[in-house]
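I set out to look up how selected parts of this chain are packed and paired. My entries follow in the order in which I looked things up.

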Amino acid sequence: MAIILDDISRTFSEYLLLPRLTRRDQSINKITLKTPIGKYQSGKASKFDINIPVVSACMQSVSGTSLAISLARQGGLSMIFCSQSIDSQVEMVGQVKAHKAGFVTSGANTKPESTLASLLELMTETGHSTIPVTLDGSAKGEFCGLITDQDFWEFEDDLANSVKDHMTPKSEVFFGTEGITLRKANQLLHHHKKDCLPILDRAGNLNSLVFKKDYVDHQRHPLELLDENKRLSVGAAINTHDYRQRVPALIEAGADVLCFDSSDGFTEFQMDGIQWIREQFGDQIVIGAGNIVTPEGFDYLAQAELVDFIKVGIGGGSICITREQKGVGRGQASALLDVVKRRDAHFNDTGTYIPICSDGGLANDTQIVVALAMGADFVMMGRYFAMTEESPTPKVSINGQMYKPYWGEGTLRAQNWQRYSDGMSSRKMMFEEGVDAYVPLVGPLAEVLETTLYKLKSTMINVGADNLIDFRQNAELTLVSEQSIVEAGTSNVFQFSRKREIDEFDWGT
């Protein structure tokens, strides 16, 4: 007969944190939220950290280029979805990596003989207002000068004129030489009161560009997540069907983290993929696996310590109906607590720490806090980010309220056929594991995250924690009754709210 567990499948809403001693020396500004994504040995550093414990879900309606850029600037990481062609996903990863906080390879260039009309078309297409002029029009060609949208008037100058008649020639351009430090380049920009500094090699060819705006952006985003080349970091989802073709292309494009996107990661198919990636690319690339909900699932994926982090959660997402459709899954709190307990035992036995990602089951900021207190190193969210300005879906007005479309990767709309084909030759989707919906637009990602992270830090002070390790070690949680949930809300009062529709909507995945 089937094995029946004695425990109850519990959710985050069934727990409350108990306050611990708050010290005098604690303050919001002193708390760090840095957390590992890469596995590490006891006493050693993780091979990859993020500066806030938040990543965006591997979903078409969530992790697009704009959101990946915005989240990296706040210190988090996006997982560019894999339910698209390899070329399309590679292009998206490349667009994020092109937002380099430092020396930038020019993405738009022109020739001296080009017309202003073609230049204007290039500016409109790329959004760039400063264009390097090279002899052959390439990003690495012989540098001839710079031209900006201030050097000509679209409706006054003859657009048939040549670029060379309006550009600032090389003899009048302040530039740096290859090998210059970023600090020195920024000092030259400041000293000469310029917005762009071309960097040339010793032969006079364009090497890269340094922009004032990148310096300003970095000062405004001190936690931005950068790679060793000062480019924004980005993750990419992969599947168990075409990883042999997809993974090399994503690594070549600069993806910092690879993450298997599957509703059930406790499979030999995923282990085959993990082993192949390690054999081909060694231990340097960060690999995430999952999803699982049991200690047995953790043990399977953690064998030989091939993975860097493991995702926990099946059926807890706001648009996921796996539990309803297949009867498979587990309450997110129960799953997380069990897996974290096994992760900690694994660390004690082997000395290898494998970070845990809580994926799904988060309906509001409070539950994000509880998930981290329970031992998750970071959380993965979909709906939370789908509601922001930067998510890739278009705004829709419904009865005067702005919404954004939001759908799961298990829906017909996602067209992720291979994920559900089970190896059959037919790609007909027999049933869906997600729904198609709308979520309210809540504003820019930076503003939404600021509130969430402030709440998290405030709670950490309540339990006397200075960092996330202290937080989960100090945390004490208690189960709540139905009546205590009622008691936690307002009672016997009538409230007025100028933004009731948003206030009453739970934020989460």
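**Entry 1: Arg343**

I looked up the contacts of Arg343, leaving aside its neighbours within four places in sequence, and found Phe298, Tyr353, Ile354, Pro355, Ile356, Gly375, Asp377 and Arg472. I note that the model is a predicted one. Arg343 belongs to helix α10, which covers residues 332-350. Is Arg343 buried or exposed? Its relative accessible area is 0%, and buried means under 20%, so Arg343 is buried. I also looked for a polar partner: the side chains of Arg343 and Asp377 are joined by a polar contact of 2.8 Å.

**Entry 2: The chain as a whole**

I then turned to the totals. The protein chain holds 16 helices and 23 strands. Of its 509 residues, 50% are buried.

**Entry 3: Helix α7**

I checked the length of helix α7, which has 14 residues (268-281). At 1.5 Å a residue the helix should span 20 Å, and its end C-alpha atoms are 20 Å apart, so the two values agree. Which residues of α7 are buried? They are Gln270, Met271, Gly273, Ile274, Trp276, Ile277 and Arg278. I recall a general point that helps in reading such a list: an α-helix has 3.6 residues a turn, so residues three or four places apart point the same way.

I next asked what the buried residues of α7 pack against. Their partners are the strands β13 (235-238), β14 (257-260) and β15 (286-292), together with the helices α6 (243-253) and α8 (295-302). After α7 comes Gly282, which has a positive phi, near 70°.

Not counting residues up to four places away in sequence, Ile274 touches Phe260, Ile287, Ala289, Leu301, Leu306 and Val307. For Ile287 I also looked up the separation: it is 13 residues from Ile274 along the chain, and their C-alpha atoms are 7.7 Å apart.

**Entry 4: Strands β13 and β14**

β13 and β14 run parallel and are joined by 4 bridges. Gly235 has Val257 in β14 as its bridge partner. In β14, Val257 and Cys259 point one way, Leu258 and Phe260 point the other way, and all are buried.

I looked up an open sheet of 3 strands in the order β7-β8-β9, with antiparallel pairing. The strands β7 (130-134) and β9 (168-169) stand at the edges with a single partner strand each, so one side of each has no neighbour in the sheet. β7 and β8 (residues 143-148) are joined by 5 bridges, and Pro132 stands opposite Leu146 in β8. Helix α3 (residues 116-126) packs on this sheet, where it touches β7 and β8, and its direction makes about 70° with that of β8.

I then looked up an open sheet of 3 strands in the order β10-β11-β12, where the pairing is mixed. β10 (176-177) and β12 (206-211) are its edge strands, pairing on one side only. β11 (residues 196-200) pairs with β12 in the antiparallel sense over 5 bridges, and Cys196 stands opposite Phe211 in β12. Helix α4 (residues 182-192) packs on this sheet and touches β11 and β12, its direction making about 65° with that of β12.

**Entry 5: Strand β21**

Lastly I asked how many residues of strand β21 (residues 401-407) are buried. The count is 5 of the 7, so the strand is largely enclosed by the rest of the structure. β20 (residues 396-398) and β21 run antiparallel, joined by 3 bridges. They form a hairpin with 2 residues between them, and Asn399 in the turn has a positive phi of about 55°. β21 also pairs with β22 (residues 436-440) in the antiparallel sense over 5 bridges, with Pro440 in β22 as the bridge partner of Tyr403.

How values were computed. Residues numbered from 1 in each chain as written. Predicted model: local features only at pLDDT ≥ 70, side-chain atom pairs only at ≥ 80, totals over all residues. Heavy atoms only, no water. Expected span 1.5 Å × (residues − 1). Buried < 20%, exposed > 50% of the residue type's maximum accessible area, 1.4 Å probe, protein only. Contact = heavy atoms within 4.5 Å. Pairing = 2+ DSSP bridges. Axes fitted to C-alpha atoms, helices over the stretch in contact; angles between N-to-C directions. Polar contact = N/O pair within 3.5 Å; in protein donor to acceptor, adjacent residues only side chain to side chain.
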